[in-house]
Amino acid sequence: MKLLLLIALIAATEAFNYTLVVHTHPDAEHARSKGKFYLSAINYHGDLVDFGRFTDSPREAGDTTIYNLSSEVDLGRIGCFTIRTKSKDKWLFGKACISSETDAGFCYENGDDMFISRDTAVDGDNGVLAMLMCAPPLTKAEVKEMGL
């Protein structure tokens, strides 16, 4: 009986779908990676969803990879997302886009060609441990509409 109740509760839990699309940089020398990378997102009310590890296979130069993720939390309008690593295997992506079933989301262009890597040494990968990517600023009307 308890098992049936648990199964019913799990089935009743609504999951919200999120999509991360990442375009790995086309420069073959610096783009490919087998490292493990992690994703989190935050909304304009300060709510955060930690999706955990989202990479599941090596990324090659020029790849476009779609990651389908879910959470019990609907962030509504996504304000920022973070990609972070615990890996010394650097990754260079050119563009990353996040969206959900309730938000069209936004894209971030890595115009500075920043590597994500645990090796932050200047004479090493010269990477960053994490990258925070935020949506363009809201208009006054959007701020008012969202009750911020």
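Ring pairs join F37, F54, Y67, W91 and F93 into a cluster. This is a predicted model, in which local features need pLDDT of at least 70, side-chain atom pairs count only at pLDDT 80 or more, and totals for chains, interfaces and linings use all residues. Residues are numbered from 1 along each chain as its sequence is written, and side-chain values use heavy atoms, with hydrogens and water left out.

**Aromatic pairs**

The structure holds six aromatic pairs. Rings of Phe, Tyr and Trp (for Trp, its six-membered ring) pair if their centres lie within 6.5 Å; planes under 30 degrees apart count as stacked, over 60 as edge-to-face and the rest as tilted. Two of the pairs are listed here.

| Pair | Centre to centre | Angle between planes | Type |
|---|---|---|---|
| Y18 and F51 | 5.0 Å | 65° | edge-to-face |
| F54 and W91 | 6.4 Å | 45° | tilted |

The Y18 and F51 pair links distant parts of the chain. Y18 is in strand β1 (residues 16-24) and F51 in strand β3 (residues 48-53), 33 residues apart. Helices (H or I, at least four residues) and strands (E, at least two) are DSSP runs, numbered from the N terminus. Y18 is buried, at 1% relative accessible area. F51 is also buried, at 12%. Buried means under 20% relative accessible area, exposed over 50%, and partly exposed in between (1.4 Å probe, protein chains only).

Why does the F54 and W91 pair tie together parts that are 37 residues apart in sequence? F54 lies in the loop between β3 and β4 (64-71), while W91 lies in the loop between β5 (78-85) and β6 (93-100). F54 is buried, with a relative accessible area of 5%. W91 is buried at 0%.

**Charges over rings**

K86 lies over the face of Y38, 5.2 Å from the ring centre. K90 lies over the face of F115, at 4.5 Å. A charge sits over a ring if NZ of Lys or CZ of Arg is within 6 Å of the ring centre and within 35 degrees of the ring normal.

**Strands**

Y38 also stands opposite R53 in β3. Strand β2 (residues 37-43) and β3 run antiparallel, joined by five bridges. Two strands pair if DSSP finds at least two bridges between them. The hairpin of β2 and β3 has four residues between the strands, and G46 there takes a positive phi near 90°.

β5 and β8 run antiparallel too, with five bridges between them. I83 has M131 in β8 as its bridge partner. M131 and M133 form the covered face of strand β8 (residues 130-134); A130, L132 and C134 form the uncovered one.

**Whole protein**

The protein has three helices and eight strands. From the N terminus on, its elements run α-β-α-β-β-β-β-β-β-β-α. Of its 148 residues, 39% count as buried. Among contacts (heavy atoms within 4.5 Å) between residues at least 6 apart in sequence, 70% join residues at least 24 apart.

**Confidence**

Mean pLDDT is 87, and 90% of residues reach 70 or more. pLDDT is the predictor's confidence in each residue, from 0 to 100. Where is confidence lowest, and where is it highest? It is lowest in helix α1 (residues 2-12), at a mean of 50, and highest in strand β7 (residues 103-109), at 97. Where pLDDT is low, the predicted coordinates should not be read in detail.
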